[in-house]
Amino acid sequence: MSVIRKSNKLINVCYDIRGPVLQEARRLEEEGHRILKLNIGNPAPWGFNAPEEIIQDVIHNLPESQGYCDSKGLFSARKAVMQECQRKSIRNVALEDIYIGNGVSELIVMSMQGLLNDNDEMLIPSPDYPLWTAAVSLAGGNPVHYVCDEQAGWFPDIEDIRSKITERTRGIVVINPNNPTGAVYPVELLQQIIDLAREHQLIVFADEIYDKIIYDEAEHTSLAALADDVLCITFNGLSKSYRAAGFRSGWLIVSGPKHKARDYVEGLDMLANMRLCANVPAQHAIQTALGGYQSINELIVPGGRLYDQRELAWQMLNEIPGVSCVKPQGALYLFPKLDPEIYPIKNDEKMALDLLQQQKVLIVQGSGFNLDDMQHFRLVTLPSTDLLTEAIERIATFLKSYEQ
């Protein structure tokens, strides 16, 4: 038999968060090594459990969850999302405008497959959450990365976005709060993005999965709340704010001038029908999560684990010679920079692999987030302060071997 090769559609698809460095980590674990995993935003392994009320509601509804539901999702789940839209001032959202998915990841891929023709372009931040770039490529489109400026708190560069809009551009992806940088965008900046979308008749894709994980004086504003005349596709779910990543329960909201997007919505309906429906048991968690006590608020203030762990890790990283890190205002990550004059790194994936092999600490290299330079890496702030201290001390020890 001849060699069986993967589809050509996957040639430009990359997801380094679960790439070769993680494979090496698994190999080392199989040999008995203890790995400090700072590579993925998975709350459960670090003791962040979903609220008990959510668990109990899912258990209670299991007997009624054995069959398919409506392809867009359970009535109770979509009703809860609709009411959340009202709370966030996203106007004129009805039940039929809401799709429940197997996590936001599935819905991102659906949204791109339903829209893009070959060589259509989608504007995506750099650095990005790499699934966005992968989903565009898989759908036959061309991801075009716009600059998020580290010197400006990792905010998007509006003029850079403007310069990259062409006749093939279909939309702008905005990740706010941002993964991997932790930036939370002010209303004025979001309004500028809306203005660009309006001027060039683009769709805005708003990834807001971290909307409730914000720190200090930061405030999150849903992009879709700022304009009724720009089509906006908003994504959110239970994975982060409700610590239920394994439930794979997320939602997509269509808002704005929906009458101009009837054909696109028909495409989304077709894709939703093709996968029959999302995980039914997990959908029973949505109403309780959105309508119940918001325990995340205890974790994001001084004395809360997420706040204190972010504070410690940020301080420790900035104390390492040649390392600087913009303080994240949201999400679960730090995205530090290595001074190229001190650490002349030519291959950041090799750097991440060397760190893993020498110090047994697993991170994700910055180029894995579609960033051109080799001077960044991402680590999660989910481990306890003791484990973060140990991990960052190991990183500091490792970096001495990379000094010029």
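Which helix is Glu-53 found in? I looked, and Glu-53 sits in α2, residues 52-61 (helices are DSSP runs of H or I, at least four residues, and strands are runs of E, at least two, numbered from the N terminus).

Ground rules first. I'm on a predicted model, where local features need pLDDT of at least 70, side-chain atom pairs need 80 or more, and totals for chains, interfaces and linings use all residues. Numbering starts from 1 along each chain as its sequence is written, and side-chain values use heavy atoms, with hydrogens and water left out.

Back to Glu-53. I have Glu-53 as partly exposed, at 47% relative accessible area (buried is under 20%, exposed over 50%, partly exposed in between, with a 1.4 Å probe and protein chains only). Its C-alpha is 8.4 Å from that of Gly-292, 239 residues apart along the chain.

Next, Asn-236. I found Asn-236 in strand β8, residues 232-237, and it is buried at 9%. A polar atom of its side chain lies 2.9 Å from the backbone oxygen of Glu-208. I also noted that the side chains of Asn-236 and Asp-211 are 3.3 Å apart in a polar contact (N or O atoms within 3.5 Å; within protein, one must be able to donate a hydrogen and the other to accept it, and sequence-adjacent residues count only if both atoms are side-chain atoms).

Last, a helix pair. In α4, Ser-105, Ile-108, Val-109, Ser-111 and Met-112 meet Leu-131, Trp-132, Ala-135 and Val-136 in α5 (contact is heavy atoms within 4.5 Å).
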